[in-house]
Protein chains: 2
Amino acid sequence: MRRTIATVCLSGTLADKLDAAAAAGFAGVEIFENDLIASPWSPERVRERCAELGLSLDLYQPFRDFEAVGPDQLRRNLRRAEHKFDLMERLGTDTILVCSSVSADAVDDDELAAAQLRALAERAERRGLRVAYEALAWGRHVDTWEHAWDIVRRGDHPALGLCLDSFHVLSRAGDGSGVTSMSGISGIDGDKLFFLQLADAPRLHMDVLQWSRHHRLFPGQGAFDLVTFTGHVLAAGYRGPLSLEVFNDVFRQSEPRRAAVDAMRSLVALEEAVGRRSPRARERIELAAPPPAPEPTGYAFTELAVDGESGTEVARALAAMGFAHVGQHRSKPVQLWQQGQARVLLNSGDATATAVSALAVETPDPVTSARRAEALLAPPVPRTRGPAEADLNAVAAPDGTAVFFCRTGADRAGWWADFILTGSAPDTGTALTGVDHVALAQPFDHFDEATLFYRAVLGLDPRHDSEFAAPFGLVRNRVVSDPHGRVRIALHGTVLRRGEWAPGVPDPQHIAFASTDIFTSARVMRDRGAPLLSIPDNYYDDLEARLDLDPTLLARLRECRVLYDRDADGEFFHFHTEVLGSRVFFEVVQRIGGYAGYGAANAPVRMAAHREARRHPS
Amino acid sequence: MRRTIATVCLSGTLADKLDAAAAAGFAGVEIFENDLIASPWSPERVRERCAELGLSLDLYQPFRDFEAVGPDQLRRNLRRAEHKFDLMERLGTDTILVCSSVSADAVDDDELAAAQLRALAERAERRGLRVAYEALAWGRHVDTWEHAWDIVRRGDHPALGLCLDSFHVLSRAGDGSGVTSMSGISGIDGDKLFFLQLADAPRLHMDVLQWSRHHRLFPGQGAFDLVTFTGHVLAAGYRGPLSLEVFNDVFRQSEPRRAAVDAMRSLVALEEAVGRRSPRARERIELAAPPPAPEPTGYAFTELAVDGESGTEVARALAAMGFAHVGQHRSKPVQLWQQGQARVLLNSGDATATAVSALAVETPDPVTSARRAEALLAPPVPRTRGPAEADLNAVAAPDGTAVFFCRTGADRAGWWADFILTGSAPDTGTALTGVDHVALAQPFDHFDEATLFYRAVLGLDPRHDSEFAAPFGLVRNRVVSDPHGRVRIALHGTVLRRGEWAPGVPDPQHIAFASTDIFTSARVMRDRGAPLLSIPDNYYDDLEARLDLDPTLLARLRECRVLYDRDADGEFFHFHTEVLGSRVFFEVVQRIGGYAGYGAANAPVRMAAHREARRHPS
């Protein structure tokens with residue numbers, strides 16, 4: 001099947017959009033009318049440019065408010081259609097999308113609608129064109145695919161068929177009204193399925209038109225079950241392209257080449273998931289799927305970029321937390337620090353600001369992991385390496401963090417062999433065992449792209465979403481992880497941009513280490529001089545008022561400045577260091593029972609404390 | 001009456017918020033619990049700091065999910081309340097907000113709710129405290145003010161009263177369900193009205209909780225009729241403070257001192273409007289109102305900041321449009337250009353980029369206009385002037401544009417006298433008569449502040465809202481104008497930030513001149529070499545398909561590259577120059593009949609053409 005994208009998904013002028021679609025490997029585009037109207041290119045020039053770029057023109061859209069009108073209005077609408085047919089001939093595209101009328105002039109008469117669509121199809125057929133009719137979820141009389149399909153059948157003309165848009169189907173199928181569902185789609189006559197538009201979306205409780213026009217997402221970024229949906233469409237015998245039509249406020253202002261890659265990644269991952277569900281669907285898709293994701297088994301290491309001053313500060317903090325500087329890179333200014341299974345590299349090679357610069361994921365098959373990443377359009381990270389050094393496979397995540405694929409053997413070959421061991425040993429008295437999660441700040445307008453990247457490339461699924469009011473703006477949190485919680489990446493970002501006024505600490509990133517005994521960790525680290533964050537007494541007064549905790553436990557929390565949360569399945573204890581350098585800190589966490597969260601309720605308290613620590617350094 | 005603000009309205013830590021509230025002149029604050037919890041200050045220190053700042057602590061909020069529960073839960077809730085009462089004593093605040101329960105544990109039993117609230121009030125009274133009960137619009141059983149008031153009356157205790165929040169009342173009163181209204185509010189016993197929270201909001205069709213938590217606005221920025229609402233509350237005999245409680249995603253990340261000034265301006269303007277409606281309400285408010293806004297009668301001039309190169313470019317364009325350089329400032333590098341009633345100053349004094357740097361509004365009483373602006377916290381713009389030059393009153397709009405108040409006398413005294421006349425005369429052949437509107441790009445996070453600024457300071461009301469998909473992101477448009485359309489300011493901004501990738505022309509600003517004959521204007525200006533913007537043929541093909549225009553008219557539009565729009569009341573013709581310097585262009589418009597818009601449907605075409613002109617300069 002061919003992969004296509006509607007020009008409306010991308011930012012820029014028509015020229016920008018076509019370039020971006022071609023660069024990302026799309027085979028064709030849907031031309032969104034307004035993009036053409038605002039273009040200085042004649043339809044012939046657009047056609048020529050698409051040919052140069054290897055793009056087909058698969059659909060012209062949308063044609064609105066056509067059907068079920070009185071005779072005068074019909075005459076005007078047919079005249080309008082003939083003008084657009086002229087245009088389509090010049091463009092060299094053969095299918096026009098007609099969406100169900102939202103006009104107050106339209107009457108509720110399916111026979112009339114069908115007859116008028118048939119008349120339109122007759123005119124289209126004379127020119128070798130065809131009409132794909134689609135039910136808008138907010139259509140005046142026709143707002144379900146079943147209704148549109150019924151009208152297409154009544155119209156009964158070879159040049160009249162159905163267009164299915166996953167948003168219009170799934171936004172209504174999930175609203176509990178029971179008036180529409182997706183299960184019947186596989187029963188549609190495949191030859192009458194003229195076009196398929198795919199879009200995901202978050203579940204929002206709002207006006208469906210606004211939801212559709214502002215909040216659509218690429219497949220895999222939202223909450224819709226597009227795998228089942230697409231499976232039904234393929235089962236019906238659909239043979240047209242898989243086309244993306246996504247209206248999204250953020251994508252509308254994003255760099256279009258980047259957005260087109262995000263779009264392509266979503267489609268490749270969707271096809272893979274559909275194919276995995278059904279071998280017949282896989283055959284129908286025909287396109288090569290990326291190699292399956294080897295399941296990540298943990299973190300090999302996390303790398304922090306540091307400069308001279310912050311390097312010293314971070315090293316001192318790690319030492320106080322029981323880490324030892326166990327290795328030194330053979331050719332680069334990189335230190336390896338370790339405690340339990342937690343390994344942190346401090347790289348002072350080319351840092352401009354302290355940051356999490358790389359994650360290294362343990363995988364049973366680094367080469368396949370890297371091949372998969374490449375198939376999913378992850379940009380490779382070029383690395384310089386010495387003659388005897390390991391060839392590490394790395395790609396760049398959307399926020400620029402390098403993601404390495406490693407297999408840390410028991411023989412300590414591979415990346416480990418690049419380090420000369422110092423002979424130092426960690427202090428196990430701080431009760432740390434490994435990494436619980438790594439938290440990466442995301443620019444707000446790349447949040448959905450990042451979700452899809454980790455989901456598609458590493459096979460990590462979103463398992464935890466939260467949004468909370470932080471001192472300097474609303475913060476969105478999403479954790480992607482493997483099913484066993486061995487690789488958990490907490491993505492967080494402000495819902496809008498972070499206000500320029502925001503003082504103190506801009507969007508810090510952190511590594512959370514797992515402790516087997518949070519109070520021991522806190523006491524020993526404090527005694528060793530770790531720069532632990534001070535938490536206000538007011539927090540503990542509120543815990544006391546709110547939770548009716550055992551007084552001994554509360555006293556220990558208060559004494560050790562440990563934060564607390566609980567859910568139905570367990571408890572969560574955590575504390576943090578101050579921010580080190582410009583934007584990195586460490587967290588120590590202990591999970592009791594099946595607690596699944598990340599203490600998001602405490603995050604505003606931590607953020608205010610970080611601000612306070614910057615205002616009044618201890 | 002006292003003016004207070006909830007700390008939740010502002011960004012930052014509690015310390016930042018208190019500083020900002022005091023600096024803007026608020027008399028007190030509502031302490032939002034989470035702000036206190038995250039603060040390192042003890043309640044005693046908060047009390048002390050408020051005293052230092054001259055702020056009272058008017059409310060502690062919120063206390064959730066208290067009433068209509070079983071005996072065990074009641075015991076836990078009372079324990080929780082006693083902890084909060086301890087805190088309130090330490091803070092020195094006497095009123096706690098209890099909002100109607102959203103808990104699944106709450107039962108639908110008004111008698112039980114009333115009895116339990118009475119029990120809470122008894123405990124509060126022992127400590128000299130009181131309980132203000134509020135219906136959340138999404139409360140589980142209690143979601144209207146009428147219902148909450150009924151429960152308060154049943155509770156029948158002197159320490160139990162009602163809190164009214166305009167959002168909870170008006171979000172429901174306008175939903176057509178008819179279950180609640182605001183007209184009965186004036187019948188409430190004033191002594192039982194313990195607290196009043198004010199918030200505005202745009203009319204959105206979405207989940208009411210999300211609407212409330214993310215999209216509230218300060219009074220005068222949204223669609224709620226707060227003047228009538230507040231009038232009812234005052235008529236009931238309410239004597240507490242007028243307090244703002246606004247949850248807004250943008251304000252949460254804005255500089256808090258600036259947001260607090262915006263908040264104060266909204267309250268002063270609301271009081272003025274309430275007082276204007278009712279002399280009794282004015283007496284009750286007691287606070288000094290700003291002097292009424294003298295009605296602006298037009299533009300005296302618009303000033304562009306230019307540098308050497310762009311100054312030449314702009315001057316050449318103005319000359320081609322029929323303007324003449326009629327005057328030169330006595331002491332500054334400022335040229336006065338004129339054509340009809342349109343006057344443009346080109347100021348090369350301290351420009352870094354071409355921009356609309358000032359608007360001068362004609363007012364019958366510049367001194368009163370300036371006094372009003374000052375009373376509404378508009379920051380004055382300091383001006384240097386020569387010994388014989390006019391003392392112009394100017395304030396800074398939120399986007400930094402200077403707003404001057406002028407009276408251009410027939411004797412050409414005042415600002416006009418600062419110019420030495422050159423003797424040049426405009427060419428009237430271009431059919432321009434004056435300024436139709438000035439369009440100013442707004443940073444997206446100051447859009448609502450700008451609306452309120454022009455509304456409150458100049459008395460210009462929002463009369464036209466639109467939102468459209470432009471090539472580089474969604475754009476929001478709002479025109480504020482006087483009732484006669486003599487001073488129209490079109491505010492526009494991206495809905496999110498503008499994407500960093502966006503090429504070409506960042507957020508241009510423009511001056512639109514009125515023409516009495518658009519085709520003459522276009523032809524003459526083109527002949528004189530004006531840098532007019534080229535519009536694609538596709539646009540005219542679409543006009544033809546869409547509108548069934550008279551072929552002669554269509555041909556003239558196409559020939560002259562004039563854009564067209566129409567509404568029920570009239571027609572609109574317009575064209576534009578290319579962008580001059582970094583971000584300014586001119587528009588020429590002609591209105592036929594009562595057309596009320598600004599051709600927003602054509603704006604994306606114009607924007608793409610501007611991008612194209614930059615890519616391929618003519």
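**The interface and the rings**

Between them, chain B and chain A bury about 4,900 Å², with 58% of it on carbon and sulfur atoms; buried area here is the accessible area (1.4 Å probe) that two parts lose on being put together, summed over both. Bear in mind that this is a predicted model, where local features need pLDDT of at least 70, side-chain atom pairs count only at pLDDT 80 or more, and totals for chains, interfaces and linings use all residues. Residues are numbered from 1 along each chain as its sequence is written, chains are lettered from A in the order in which they are written, and side-chain values use heavy atoms, leaving out hydrogens and water.

The contact (heavy atoms within 4.5 Å) takes 58 residues from chain B and 59 from chain A. Across it the rule finds 8 salt bridges, each a side-chain nitrogen of Lys or Arg within 4 Å of a carboxyl oxygen of Asp or Glu. One of them joins A:D16 to B:R611, with the closest N and O atoms 2.6 Å apart.

Now for the rings: there are 34 aromatic pairs over all chains, counting rings of Phe, Tyr and Trp (its six-membered ring) with centres within 6.5 Å, where planes under 30 degrees apart are stacked, over 60 edge-to-face and the rest tilted. B:F63 and B:F66 have ring centres 6.2 Å apart and planes at 50°, so that pair is tilted. For B:W211 and B:F224 the centres are 6.0 Å apart and the planes at 70°, so this pair is edge-to-face. Over in chain A, A:F301, A:F404, A:W415, A:W416 and A:F419 form one aromatic cluster.
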